[in-house]
Amino acid sequence: MTADDPYQRFIGPMLARDDGPDPELMSQLSLRALAWAARGRRWPPWRGMLASTAAVLQRQDPRLQQHCLGLTFPNPLGLAAGFDKNGVAGAIWHCFGFGFAELGTMTALPQRGNPRPRLFRLAAEQAALNRMGFNNHGSLRAATVLTEQQLPPPGQRPALLGLNIGKSRATPMAAAMEDYAVSYGRLAPLADYVVINVSSPNTPGLRELQSVEALSQLISRLQATPLPSLRPPLLVKIAPDLTDGQLLELAELALDLHRQGQLAGVIANNTSLDRHGLETRRLMTGRTLAAEAGGLSGAPIRSRSLAVLRRLWSHLQGRVPLVGVGGIDSPQAAWERLAAGASLLQLYTGWIYQGPQLVPVVLEGLLKQLDGHGLDTVADVVGTELPWLP
């Protein structure tokens, strides 16, 4: 980041302390402005502002293109699910330099989520703890919001859009598959790809759906859902807290379902219940991190997310596409994730702390590494374990 970066000059100091402005309120205010921009993007004032933003943040280079999931991504860097939960800014994420954006998580029923406070800043560690609980307006409203933005059709967008779906809290586990199917039917026609979120730690019982039997049944149920258009690629997002044995079982299932054309890829990972050596770290509540519920994200989970990705790649060897997320906050972290087997990458917590300039910084760093290694495209890096060149 540069010293004259306005985000770091004005927002950075607020994010540098745990007791800065409420993080959820800051996100809500940001999304409100982004929603206005998305709705009014064709009006001259907004059009000019968005064009200026794109001129600063976009890096258009054919070496960054990634062909994956049967789709072409302008670059391998995407916004992770959890920020734009209701899809209000779906039309403008390309202006911020992203090759794709994942919207959601969206549930069949509107829900408020867990009681506040439910999002906590760990500034010194460049991390966050959240127990949001899938707060969103529901998949029906999300479908309306996306339709009202008059998006180009799937496959023709400047930044591809993934739609992430989860289980409604009020729905009993016995009816979970039908709950997912409702959201899938509403959203799949609008999506470049769809993600099944079975790994959030903040909905009771949700992670039980990561078992081989339950996940296989869920995917079969979704693939049997009638759609009015082509069926988008389907991915599953897993937790970083799975054991090696569980990861192997999931890799085997993913490979089997991929061969059947039912599952396009795996996203590794969601937030973590492990406190990664920060058990005694106190939050603004006065309680330790070990005593607080929620999933940890950001720099502390980087090494675990990388390890999970490597374990999946070691078994799959490129036969099922992998998406890397968790603690990616620098060009080097992005390169390491590609070299470990990720075809695509997602940012969230690091992007919040470092600001929009993180996207071009990472993309420029990847291009320099391609030059240093004599490679033509980012696809040439995937799974090679090529080192970061200083």
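Begin with the barrel: eight strands close in the order S3-S4-S7-S8-S9-S10-S12-S13, with parallel pairing. Strands here are DSSP runs (E, at least two residues) and helices likewise (H or I, at least four), numbered from the N terminus; two strands pair if DSSP finds at least two bridges between them.

The model is predicted, with local features requiring pLDDT of at least 70 and side-chain atom pairs counted only at pLDDT 80 or more, whereas totals for chains, interfaces and linings use all residues. Residues are numbered from 1 along each chain as its sequence is written, and side-chain values use heavy atoms, leaving out hydrogens and water.

Next, select S9 (residues 234-238) and S10 (residues 265-268), which pair in the parallel sense over four bridges. Lysine 237 has isoleucine 267 of S10 as its bridge partner.

Then turn to the open sheet, whose three strands follow the order S5-S6-S11 with antiparallel pairing. S5 (119-122) and S11 (295-298) stand at the edges with a single partner strand each, so one side of each has no neighbour in the sheet. Neighbouring strands of this sheet are turned by 20° against each other on average, direction ignored.

Finally, select S5 with S6 (residues 127-130): four bridges join the two in the antiparallel sense. Arginine 121 stands opposite alanine 128 in S6.

How values were computed:
Axes are lines fitted to C-alpha atoms, for helices over the stretch in contact, and angles run from 0 to 180 degrees between N-to-C directions.
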